[in-house]
Every structure is written in structure tokens, then in C-alpha cells.
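I opened a new model today and kept notes as I went. Here is what I looked up, entry by entry.

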Amino acid sequence: MANTRTRSKKVAATLSGAAVAAVAVTLTAAPTASAQGAVPAAPTITATADGTDVTISLDDPNSGIEHALTGCSAVLIDPVKAVPLLPSLVAGEFPPLDQIDPAILAWGPGLPPTSALDRTQTYVATGIPAGVHLAVGVCVNTLAPSDPGVAFTPVFVGGPLEIGSSVLDAGSSVIGLGTG
């Protein structure tokens with residue numbers, strides 16, 4: 001009988017050791033999965049204007065341990081000033097903010113960004129000049145910052161005459177690129 005108790009203790013110790021090892025492997029594997037820097041998907045972005053106030057809603061589709069360090073934010077871009085950036089946006093690319101001329105931003109970036117705890121954000125930008133703007137949503141995984149998820153939508157601020165004037169300004173800017 002003493003032999004049985006000793007064997008039971010050895011089996012219990014072995015099983016508990018195996019359980020501890022399994023937990024340790026699971027916990028050490030989780031950071032490795034997120035350390036790979038999963039490329040984030042583009043957010044869903046909507047924007048509406050009321051006078052000179054623009055409301056931007058951002059839904060971050062990124063979830064799971066691989067996106068624990070992914071966050072999204074939004075900016076409003078003045079396309080007249082950002083004509084050289086427009087082809088990149090259409091291609092789904094967005095350069096790091098420190099490489100962008102701040103003059104192209106009509107507003108932003110929105111704070112706080114989305115996080116693993118809250119994947120939706122609504123921002124209200126006030127005092128936006130009349131015209132056509134682009135609301136741009138950008139999701140970045142801090143472990144893969146060079147490959148953001150980008151989405152954009154136009155937003156029309158002001159009345160028809162003001163918007164028409166800004167469209168003409170944009171057209172002049174595009175034409176100016178070909179002559180300079």
C-alpha cells in the first residue's frame with residue numbers, strides 16, 4: 001500500500017509538472033504570436049458634416065492576440081494641399097505622420113486611438129473650413145508599423161458654392177503638378 005501512495009504522489013507530481021509546463025508554453029507562445037506583427041485590416045470610416053463640424057466614426061475590425069498592439073485613428077485631409085499624397089491613399093498606403101507636411105491636415109489625428117479594449121471611436125472636429133475633405137482612417141500594429149490598414153471617405157463641409165470652389169481649387173492643384 002505504501003508503494004501505491006508513493007506511485008500516486010509521483011504520478012500527481014508528474015501531471016502537475018506537465019500542467020505547469022503546458023501553461024508556461026502557452027504563455028510564452030502568446031507573445032510570440034503577437035510579436036510577428038500581424039498586418040492590420042483597414043478600418044470602416046464614416047464622416048458627416050453639420051455646418052463646420054465633422055463627426056467621424058471609426059470601427060476597427062482587428063481583434064485577437066495578434067492585434068493586441070493594433071490601434072486606429074483618423075485625420076481630416078485637405079485634398080487641395082495633399083494632391084501628391086492622393087495616389088498613395090488610393091493604393092491603400094499612408095506614410096508615417098512624421099513624414100507628412102502638417103499643412104495637409106485639416107484636423108487630427110484623433111485621440112484617443114482605438115485599442116484592444118475599445119475597437120470603436122467617434123471624433124468630432126469643429127471649425128473645419130468649407131470644402132471637400134477626406135476623412136482617413138489608419139490602423140497600425142506597432143510591431144508592423146510600415147504596413148498600415150488605410151480607408152478613406154470624402155466629406156463635404158459647407159454649402160454648394162463653397163464646395164464647388166474647393167473642387168476648382170483641387171483641379172488647379174492637379175493641373176499645377178503637371179506644369180511644375
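**Entry 1: Overall layout**

I counted three helices and seven strands in the chain. Helices (H or I, at least four residues) and strands (E, at least two) are DSSP runs, numbered from the N terminus. Along the sequence I read the pattern α-β-β-β-α-β-β-β-β-α.

I noted that the model is predicted, so to speak of local features I need pLDDT of at least 70, side-chain atom pairs count only at pLDDT 80 or more, and totals for chains, interfaces and linings use all residues. Residues are numbered from 1 along each chain as its sequence is written, and side-chain values use heavy atoms, with hydrogens and water left out.

**Entry 2: Confidence**

I checked pLDDT, the predictor's confidence in each residue, from 0 to 100. The chain averages 77, and 68% of the residues score at least 70. Where is confidence lowest, and where is it highest? It is lowest in helix α1 (residues 2–35), with a mean of 39. It is highest in strand β2 (residues 53–59), at 98. Over residues 6–35 the pLDDT is below 50, and this stretch has seven contacts in the model beyond near neighbours in sequence. Contact means heavy atoms within 4.5 Å. Residues 170–180 also have pLDDT below 50, and that stretch has seven contacts beyond near neighbours in sequence.

**Entry 3: Whole-chain totals**

I looked up burial next. Buried means under 20% relative accessible area, exposed over 50%, partly exposed in between (1.4 Å probe, protein chains only). Of the 180 residues, 31% count as buried. The chain exposes about 10300 Å², and carbon and sulfur atoms supply 64% of that. These areas come from the Shrake-Rupley method with a 1.4 Å probe; for residues, only the protein chains shown count as cover. Among contacts with a separation of 6 or more, 71% are between residues 24 or more positions apart.

**Entry 4: The disulfide**

I found one disulfide in the structure. A disulfide is a covalent bond between the sulfur atoms of two cysteines. The cut-off here is a pair of cysteine sulfur atoms within 2.5 Å. Which cysteines form it? They are C72 and C139, with sulfur atoms 1.8 Å apart. The link is right-handed, with 100 degrees about the S-S bond. C72 lies in strand β3 (residues 70–77) and C139 in strand β6, so the pair ties together parts that are 67 residues apart in sequence. Both cysteines, C72 and C139, are buried.

**Entry 5: N141**

I stayed in strand β6 (residues 131–141), where N141 sits. Is N141 buried or exposed? N141 counts as buried, because its relative accessibility is 0%. A polar atom of its side chain lies 3.2 Å from the backbone oxygen of E66. Leaving aside neighbours within four places in sequence, N141 is in contact with several residues, including G37, P40, H67 and T70.

**Entry 6: The aromatic pair**

I found one aromatic pair. Rings of Phe, Tyr and Trp (its six-membered ring) pair if their centres lie within 6.5 Å; planes under 30 degrees apart count as stacked, over 60 as edge-to-face and the rest as tilted. The ring centres of W107 and Y123 are 5.8 Å apart and the planes are at 50 degrees, so this pair is tilted. W107 lies in strand β4 (residues 105–107) and Y123 in strand β5 (residues 120–125), so the pair ties together parts that are 16 residues apart in sequence. Y123 counts as buried, at 4% relative accessibility.

**Entry 7: Cis bonds**

I ended in the loop between β4 and β5, which holds P109. The peptide bond from G108 to P109 is cis, with omega near 5 degrees. P112 is placed in the loop between β4 and β5. The peptide bond from L111 to P112 is cis, with omega near -5 degrees.

How values were computed: A polar contact is a pair of N or O atoms within 3.5 Å; within protein, one must be able to donate a hydrogen and the other to accept it, and residues adjacent in sequence count only if both atoms are side-chain atoms.
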